[in-house]
Amino acid sequence: MNAVSHIKTIAKRELSGYFASPVAYVFIVIFLLLTGFFTFMAGGFFERNDASLISFFLWHPWLYLFLVPAVGMRLWSEERRMGTMELLLTFPITTWQAIVGKFLASWLFLLLALALTFPVWITANYLGNPDNGIAFAGYVGSFLMAGAYLAISCMTSAMTRNQVVSFIVSVVICLLLILAGWPPVTKLLESVSEGGGLVRAVAAFSVMTHFENFQRGVLDSRDIIFFVAVMVFSLFATSVIIRNHRAG
């Protein structure tokens, strides 16, 4: 079997594991309920008198902050707790193939949850004539951001066999990536620093800064590279952690 076949096998095994229990269905229902609440109630969708998905995408960085780590916390922690990680890595697959397979399965699961929010898009088109190009860019950015959060959760999951610890650590890291570009934080940095160099440097590491362009309908290669870089770095760190466990 080649590398792609190995990755597909791992991904299929992981994805079927989600739907073998009620966890996947509970997550999807909670995600849809929360996106609906924050879009139509907290986001003031109808009060805006504007048929757009601004109020929908506005809350995604904060929703993913807790929901994505809840998906990713079990990726490797469960394998370590059950003692199956060593068994998995004795198969004729590389560490990278196992990591990529498990990551892609969870990312596809998140894509399914995101795709099921299509009634929000239909509602916006029913009530008016929104720019669907902007909506498409928003969905692309949301999917990439979910992948970045998930890769971080994958890394923290490899650090410990305790899922709760993995969840907390990944939430803290993702929160720091949000706060780095959150307007109240950037304004505070502007007030204590001379010039905008520090603010721009800090904001460059924020998911908020890069996701805003997607919300405006801009598919900038720099924003795509940022999210891909977070994923690659986090998955590389995951491989280092797992190899250390394997060697030990």
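The model is predicted, so local features need pLDDT of at least 70 and side-chain atom pairs count only at pLDDT 80 or more, while totals for chains, interfaces and linings use all residues. Residues are numbered from 1 along each chain as its sequence is written, and side-chain values use heavy atoms, with hydrogens and water left out.

**Pockets**

A pocket here is an open set of points on a 1 Å grid over the protein atoms alone, where a 1.4 Å probe fits, with protein on both sides within 12 Å along at least five of seven lines; lining residues have an atom within 4 Å of a point. A volume is the space filled by probe spheres set on the points, which are joined across faces, edges and corners.

| Pocket | Volume | Top helix in the lining |
|---|---|---|
| Largest | about 190 Å³ | α13, three residues |

Helices are DSSP runs (H or I, at least four residues), numbered from the N terminus. Around the largest pocket you will find I54, L58, P61, W62, W182, P183, M208, E212 and Q215. Both α4 (60–72) and α13 (207–215) supply at least two residues of that lining. It has seven nonpolar, one polar and one charged residues, where Ala, Val, Leu, Ile, Met, Phe, Trp, Tyr, Cys and Pro count as nonpolar, Asp, Glu, Lys and Arg as charged, and the others, Gly among them, as polar.

The second largest pocket has I152, M155, I173, L177, F205, F226, A229, V230, F233 and S234 in its lining. At least two residues come from each of α9 (132–159), α10 (163–179) and α14 (221–247). By class, nine are nonpolar, one is polar and none is charged.

**Helix pairs**

How do α4 and α10 pack? Their angle is about 160 degrees, with axes 9 Å apart; axes are lines fitted to C-alpha atoms over the stretch in contact, and angles run from 0 to 180 degrees between N-to-C directions. The two are therefore roughly antiparallel, a label for angles over 145 degrees, with under 35 roughly parallel, 65 to 115 roughly perpendicular and the rest oblique. The contact (heavy atoms within 4.5 Å) includes W62 and F66 of α4 and F167 and L175 of α10. Its residues are 12 nonpolar, one polar and no charged.

Helix α1 (residues 3–19) meets helix α7 (residues 95–115) at about 45 degrees, with axes 7 Å apart, so α1 and α7 are oblique to each other. Their contact has 13 nonpolar, four polar and three charged residues.
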